[in-house]
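Trainee: I would like to take a close look at a single part of this model and then see how that part sits in the whole. Could you walk me through the structure with that in mind?

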Amino acid sequence: MNFETWKDSADFILDVSHWQADGEKSLIDWPAARALGVVATYVKASHGLSPSGAFQAHVEAASAAEIEVGAYHWLVWNEHPRDLIRSWVERKGGRLRHAI
């Protein structure tokens with residue numbers, strides 16, 4: 001089955017991060033994504049204690065295209081869990097359930 005066969009009967013959720021950005025600018029055409037059936041996105045908010053470069057740009061652009069937004073945090077083994085959670089709470093955004 002190819003995309004053309006099932007695109008009209010499915011909802012899509014994207015996972016995006018700094019890889020889909022140029023610095024602080026989102027490279028995704030969010031209105032076009034919405035038109036193709038994207039209903040939600042999870043945006044990488046941070047990696048360890050470091051913020052993800054384009055988090056806010058992705059959140060604002062996806063929200064403007066009426067796409068539901070959730071955030072995810074990339075845990076790292078060498079940071080204290082308390083510090084990771086504190087960092088995560090400071091950065092989370094959107095209305096979907098958040099993921100770690």
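Mentor: His58 lies in helix H3, where helices (H or I, at least four residues) and strands (E, at least two) are DSSP runs, numbered from the N terminus. This is a predicted model, in which local features need pLDDT of at least 70 and side-chain atom pairs count only at pLDDT 80 or more, while totals for chains, interfaces and linings use all residues. Residues are numbered from 1 along each chain as its sequence is written, and side-chain values use heavy atoms, with hydrogens and water left out.

With a relative accessibility of 0%, His58 counts as buried; buried means under 20% relative accessible area, exposed over 50%, and partly exposed in between (1.4 Å probe, protein chains only). The side chain of His58 is joined to that of Ser26 by a polar contact of 2.9 Å, a term that stands for a pair of N or O atoms within 3.5 Å, where within protein one must be able to donate a hydrogen and the other to accept it, and residues adjacent in sequence count only if both atoms are side-chain atoms. Neighbours within four places in sequence aside, His58 is in contact with Val16, Ser17, Gln20, Ala21, Ser26, Ile28, Trp30 and Val43, contact meaning heavy atoms within 4.5 Å.

Helix H3 covers residues 55-64, and its buried residues are Phe55, Ala57, His58, Val59 and Ala62. After H3 comes Glu66, whose phi is positive, near 60°.

Trp30, one of the contacts of His58, also touches Leu14, Val16, Thr41, Ala61, Ala62, Ala65 and Ile67, again not counting residues up to four places away in sequence. In the largest nonpolar core, which has 15 residues, those with the most contacts inside it are Trp30, Val43, Phe55 and Ile67. S1, helix H2 (30-35), S4, H3 and S6 each supply at least two residues of this core. A nonpolar core is here a set of buried Ala, Val, Leu, Ile, Met, Phe, Trp, Tyr and Cys residues joined through side-chain atoms within 4.5 Å.

Strand S6 (residues 68-74) has 5 of its 7 residues buried, so it is largely enclosed by the rest of the structure. Strand S4 (residues 38-47) runs parallel to S6 and is joined to it by 7 bridges, and two strands pair if DSSP finds at least two bridges between them. Ser46 has His73 in S6 as its bridge partner.

Strand S1 (residues 12-16) holds Ile13, which is exposed, with a relative accessible area of 54%. Ile13 touches Ala40, Thr41 and Tyr42, leaving out residues up to four places away in sequence. Between Ile13 and Ile67 there are 9.3 Å in space, C-alpha to C-alpha, although the two are 54 residues apart in sequence.

Arg82 forms a salt bridge with Asp83, their closest N and O atoms being 3.7 Å apart; the rule asks for a side-chain nitrogen of Lys or Arg within 4 Å of a carboxyl oxygen of Asp or Glu, and it gives a count of 1 salt bridge. Both partners are partly exposed, Arg82 at 48% relative accessibility and Asp83 with a relative accessible area of 24%.

As for the whole, the protein chain has 4 helices and 6 strands, which run α-β-β-β-α-β-β-α-β-α from the N terminus on. Of its 100 residues, 35% count as buried.
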